[in-house]
Amino acid sequence: LAQVAPVASGVLPTPAEESRLRSTTRAPPAMELSNPKLQANMLRLFEDRAFADLTLEFPSEGAMPIYCHRAVLAAHSEYFAAELSKGPSVTSLQFPKKPRRIMQQVVRFCYFGELDETLTPLDALDVIGEARSQGITAMGPENVETLVLDQLTLHNCVKVLLHEELLHHALLYNGVCKYVGANFFEIIANPGLRDPMIRGKVPQELLIIILQIVAQYAVDAAQVEELVRFTTEWADLDSQCDLLKTSKQWLWTGAEPLLTPFRKENLGQSEIEWKVTGAELREGDEDSEALTRYVVGEFFEWCVRLDVAPEGKVRLVYESTADATGKNLPRCINRFPAAAFAWQVVLHGEDKFHERPVFICFPEKVSLHWSTSIGVSLSELADTDELVINVCMTENPLVSLILYYFSSDLKNTVQTEDILNRLPHIEFRCVSSYHLVNPQGS
């Protein structure tokens, strides 16, 4: 342990540090808990009921009790430790509302450290939910990962998606959402699967993940229409214009969004801070590498340039976007990349940018630029002064797909959605300019 560099209090180790900690603090062979003989002995102790001193009863089912050992359950479960600490007279506990088959798996895990491989995905979620409620921290999502994710089918995936325990385990819900996203159009084409997703109200956090996955797959107008109509119905809204506005309030990057990295042109390495001196602003031109960065998103890389407006204000100019995968996939979101940029501009230790996040959208193959004044004048900057710029960018693929849906049949959209009066200015400008430049595309 003395060889391991300390981790600052309250700071989680990086994956590399965590791996190093595990390798350097691994118990000697005699202390390994994965010894098959030890596991077999403990399992036999449970199954043979040898020396059992506690019974778990299920009166509502009239089922046979589970015979177990106080010390084993108290060692693994906060709930059992609290109940059994009331004294040796506690020799039985009743569970009138809990299924015996689920409790059997929870108790068995406390002895053996493994679960029955025949469990269904729904049963596995019930088991880990019960373990979590009983304070059994030894059981985590990795113990049911295979049982849940490897057994997903079109028949059961929606029920798994709607299981109340799923939201507690990122490892599991990311895997389930990935499956649903990859099979999304087949799922919503089946009323028996589509209706439960709407009536059961898939949690917004999970729907966001699903939509982010589907956005990489949607490649034609029919798919986009299905997705947009489904999401409008899920949100219980009257129109796609309402959906567009509402979706901007969703947490597309999670409850605690992270800073988005920048990349220099022709360099793969990214960085969180973009530093520019007063001299570079005065001497640079629009081709200057120091004044240009690419904001690296999940879907697009956004080219942003610093320049000085005629009145002397320093501003950020949004130049263009490119497929972040580098594959130039024929995705429908490419027609209208959309994102919100929350900027932080620090000069002499003071944040100079005090505006709300800036929403930006680009129509495909249209030379349309946007700019944001950052609250600093060039006259304020000495040559050696340094601007430090950070950004939290939130891409919104649903806005991209809604605008694609509008632009695919613009005449009908004008009649049914009243976009002339209801569509926000930036989105209206994007759709109208796209139609002017690409009339055959609408």
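A crossing is left-handed if the near helix is turned anticlockwise from the far one by less than a right angle, and right-handed if clockwise. Helix 13 passes helix 16 in a left-handed crossing.

This is a predicted model, where local features need pLDDT of at least 70, side-chain atom pairs count only at pLDDT 80 or more, and totals for chains, interfaces and linings use all residues. Residues are numbered from 1 along each chain as its sequence is written, and side-chain values use heavy atoms, without hydrogens and water.

**Helix pair**

Helix 13 (residues 221-234) packs on helix 16 (residues 397-408) at about 120°, with the axes 9 Å apart. That makes helix 13 oblique to helix 16 (angles under 35 degrees are roughly parallel, over 145 roughly antiparallel, 65 to 115 roughly perpendicular, the rest oblique). In helix 13, A221, V224, E225, L227, V228, R229 and T231 make the contact; L398, L401, I402, Y404, Y405 and S408 meet them from helix 16. Contact means heavy atoms within 4.5 Å.

**Largest pocket**

The largest pocket has a volume of about 590 Å³. Its lining counts 23 residues, with K248, Q249, A340, P357 and F359 closest to the centre. Lining residues have an atom within 4 Å of a pocket point. Helix 19 gives the largest share of the lining, 3 residues. These elements each supply at least two lining residues:

| Element | Residues |
|---|---|
| Strand 10 | 338-347 |
| Strand 12 | 358-361 |
| Strand 14 | 386-395 |
| Helix 19 | 425-437 |

By class, the lining has 13 nonpolar, 7 polar and 3 charged residues.

Conventions
Axes are lines fitted to C-alpha atoms, for helices over the stretch in contact, and angles run from 0 to 180 degrees between N-to-C directions. Helices (H or I, at least four residues) and strands (E, at least two) are DSSP runs, numbered from the N terminus. On a 1 Å grid over the protein atoms alone, a cavity is a set of points where a 1.4 Å probe fits but cannot get out, and a pocket is an open set with protein on both sides within 12 Å along at least five of seven lines; lining residues have an atom within 4 Å of a point. Grid points are joined across faces, edges and corners, and a volume is the space filled by probe spheres set on the points. Ala, Val, Leu, Ile, Met, Phe, Trp, Tyr, Cys and Pro count as nonpolar, Asp, Glu, Lys and Arg as charged, and the others, Gly among them, as polar.
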